[in-house]
Structure formats: structure tokens, C-alpha cells
Amino acid sequence: MSHYVFEHLLQEEHRMIRDAAREFAEQEIAPVAAKYDAEETFPLETVRKMGEMGFMGIEVPEEYGGAGLDTLAYVLALEEISKVDAAHGTIMSVNNSLFNHAIMTFGTEEQKRKYVTAVASGQAIGAYALTEPSSGSDAANMRTRAVREGDVYVINGRKSWITSGPVADYVIVFAMTDPEKRHRGITAFIVEADWPGFIRGKQEEKMGIRASATSELSFENLRVPVENRLGEEGQGFKIAMAVLDAGRIGIAAQALGIAEGAYAYSRRYVTERVAFGKPIGEFQGTGFKIADMKTRIEAARGLVYNAALAKERARQTGERYTLAASMAKLFASETAVFCTWAAVQIHGGMGYSRELPIERFYRDAKITEIYEGTSEIQRLVITRLETGLRLL
Ligand code: CAA
């Protein structure tokens, strides 16, 4: 039996999007995933098709080019895509739960029409630029500056590790407008990549999610019209944090998918592969790995779907779902790392070989413990919320 109580939570539309994503991943992504990984090229063709399928704007209302579904639908679809290829999952996650979510929550009507419609339909690619070379976990400590000159802001600075940086059409950029106010002096902007002064740095060479392109971005006297400010001056850090709450649910769903992908191979292999005259699953050291993988996956599923429901409820109540999002991200990412490690170990030489996707799953899983807030940052957030203590 699979999915237990959660299966009963699903409505027809959830099952439909889950099935559509599963079929798409198996038919369109599985045949090309290893090639894109090996060549470290961005899978533009499948990304465009994902847009046509509605996967790039699952929670965006149909009038803005999206599928008009809820957060549970989003995590179910992202989980299916990530079971087959986490790199496609990363691209999907940034477009949906960072870019679109930021503008749908904090943007003006014009911003939604122009930017969300393009990204949700897969015509354009979005990115989210918070991290800098000298500020990762300490996100508020940024150096990028935006200075208002009449009807424009002039932005100078550098952002690093930007997912989809090499290919993005539109980027949400966080910059200091009032450095003395520290995190309360940060403002968010929507920037177009073809504006003068927008410079893409070299593409990073990564351990995993190699088909997802990552780079530095620099801004040299980049002039951004006032109407492209996202939210109010000084509201940027809260926007960054609130949007990351949504983003972390996406990464949690991605991690859950990676873990399940690795598990599916492992469950089959322990019954088929024979050593010392019996299936390797009959050796406790191997069989118990199956028990641990399955149990952690179902526990992660509980946290991920719970966070999706908490975010959905927040639409009505306005309350924060930070705790649910951080717990889901923390546990699901550690589950992905555990399950992919166990899968390589169970498969032995075959797990280490590029003939199977298992070594790719193992390399891909690691990033989920790092981006959109490391496991240490998630623990910090959870402890602070639970105790009220100012843990650092
Ligand atoms: N929602 C709304 N507001 C929030 C919030 C949230 N989840 N979390 C914090 N805030 C508010 C606080 O209430 C506080 O408000 P006041 O100004 O009214 O006091 C303000 O933000 C500052 O909060 P903190 O004092 O907690 O800030 P801090 O400096 O101690 O930092 C942190 C907190 C949790 C460490 C934060 O810096 C953090 O999350 N760091 C990790 C950054 C991160 O996740 N980076 C990922 C980069 S993006 C990425 O990876 C995308 C990609 O390409 C895939």
C-alpha cells in the first residue's frame, strides 16, 4: 500500500496533475536526463514543454497563464519530476515557488500580468538573486546597493550561485537601499536580463543538478524603473524570507522525489540480485536499509504534504508556515541524502556506474541540504520558533 492516509486527501485534480507529471517525467525527461547531466547543458526543450503542460505555474491562477491549482498539487507534480531528474525539479521549483510566488504575493497587477504570465506559461525563465559572494546563510548582510535617482533605481553589486542565472529572462534581485537600517534597508526589484548593466558571470561547474544552470550575476549601473520595485522600500528582507518559506516546501518536495527515485531502484534490486545463494535483501544489513528508506520516505512525505497544507491554509488566515516549511525541508533533504547513499551501497558497483541513474541521484541529493537555507539554518529557524531563543 502506498501513501496511506495522504491518498485520501487527494482530489481528482491532484491525481490528474500527479499522473500527468509522472508520465511526462518518464516519457520526456528520463530518456534525456543522463545526457544533459553529462554535458552540463540546460534542458531548454523539456523546460518549454513543462511550461506548456502547466508545470511552471501550478499555483498561478489561469488568468495569469498558470494551472490554477493548490500547493498540494504543486508538491505532487514536483515530486514526480524529481523522482526522475532533480535538475528539472530545481528549474521548476525556482520558477514556481520563488519567482511566481514572490510576484503573486507582493507584486502589482502590472507585474503579475507581465512577468508571471510569461514564466508560468514557460515562455520565460525566472530567477531569484539573494546570495552574494560574502553573504550566504547571513543573507541580510548584503553589499549590492540600489540608489534611487528620480524614477529609477541604479543597482550595483554582485550575486552568486543563482539558479538559472545563465538563462533567466527575469530576476528578482535584493539590494540595500538604506544600509544603515541593515535588514530593514533591503528592497526587492524585478530586473530584466536584457537591460544594460545586467551581466552574467561564468557558469558554475557543480557536483550535481548539472542540467540546472548556475552562475554569478553582476550589476553595473543597472537602471531599474520604480514600477519594477517589488513591494515597498525596506520590505525586501521580509519578502526574501517569506518567499523562501514557500521555496523550502518546493525543495522538500524535490528531495522527497529524489529519495523515492532511489528507493524504487533499491526495492527491486534487493529481490533480484543474488549473492551467496540468496537475494541480497535477505541479508539483514541490506534488507534493513529498505526498512529505513521506506520509513524515512513516509515520514518525509508527512512533513512535506503537511507543509503544503499549512501554506494553503495561510491563504485564508495569513499566518506564517515557516516552521512547517523548515521541518519539511530539513527532514526531506536528509532523507534524500540517506536514501541515495543507501541506494548506491545496495547496488555496489552498479550503483557507482553511470549505467544507472543512481550515482546521479546521489550527487543531486546533496544540494537539497544546502540551497534555500542549509540544514543548519533550518535547525536554527526551528529552534528559534520553538523556544523563542535567539539561537545563532
Ligand atoms: N517570514 C517573514 N518574515 C520573516 C521571516 C519569515 N519566514 N523570517 C524572518 N523574518 C523577519 C523577522 O520577523 C525580522 O523582522 P523585524 O525586522 O520586524 O525584526 C526580520 O525578518 C529579520 O529576521 P531575523 O532577525 O531572524 O534575521 P537574521 O539576520 O537572524 O536571519 C536567517 C535569519 C534565518 C538566518 C536568514 O538569514 C536565512 O534564512 N538565511 C538563509 C538564507 C537562504 O536561505 N538563502 C538561500 C538563497 S536562495 C537559493 O538558494 C535559491 C536558489 O537559487 C535555488
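Trainee: Asn-221 is found in strand 7 (residues 214-225). What makes a run of residues a strand?

Mentor: A strand is a DSSP run of E with at least two residues, and strands are numbered from the N terminus; helices are runs of H or I with at least four residues. This is a predicted model, where local features need pLDDT of at least 70, side-chain atom pairs count only at pLDDT 80 or more, and totals for chains, interfaces and linings use all residues. Residues are numbered from 1 along each chain as its sequence is written, and side-chain values use heavy atoms, without hydrogens and water.

Trainee: Why is Asn-221 called exposed?

Mentor: Exposed means over 50% relative accessible area, buried under 20%, and partly exposed in between (1.4 Å probe, protein chains only). Asn-221 has 51% relative accessibility, so Asn-221 counts as exposed. The phi of Asn-221 is near 50°, a positive value in a residue other than glycine.

Trainee: Why is Glu-40 called partly exposed?

Mentor: The relative accessible area of Glu-40 is 25%, so Glu-40 is partly exposed. Glu-40 lies in the loop between helix 2 and helix 3 (44-53). Glu-40 is not a glycine, yet has a positive phi of about 50°.

Trainee: How are the lining residues of the second largest pocket divided into nonpolar, polar and charged?

Mentor: Ala, Val, Leu, Ile, Met, Phe, Trp, Tyr, Cys and Pro count as nonpolar, Asp, Glu, Lys and Arg as charged, and the others, Gly among them, as polar. The lining divides into nine nonpolar, three polar and eleven charged residues.

Trainee: Which helix gives the largest share of that lining?

Mentor: Helix 7 gives the largest share, seven residues.
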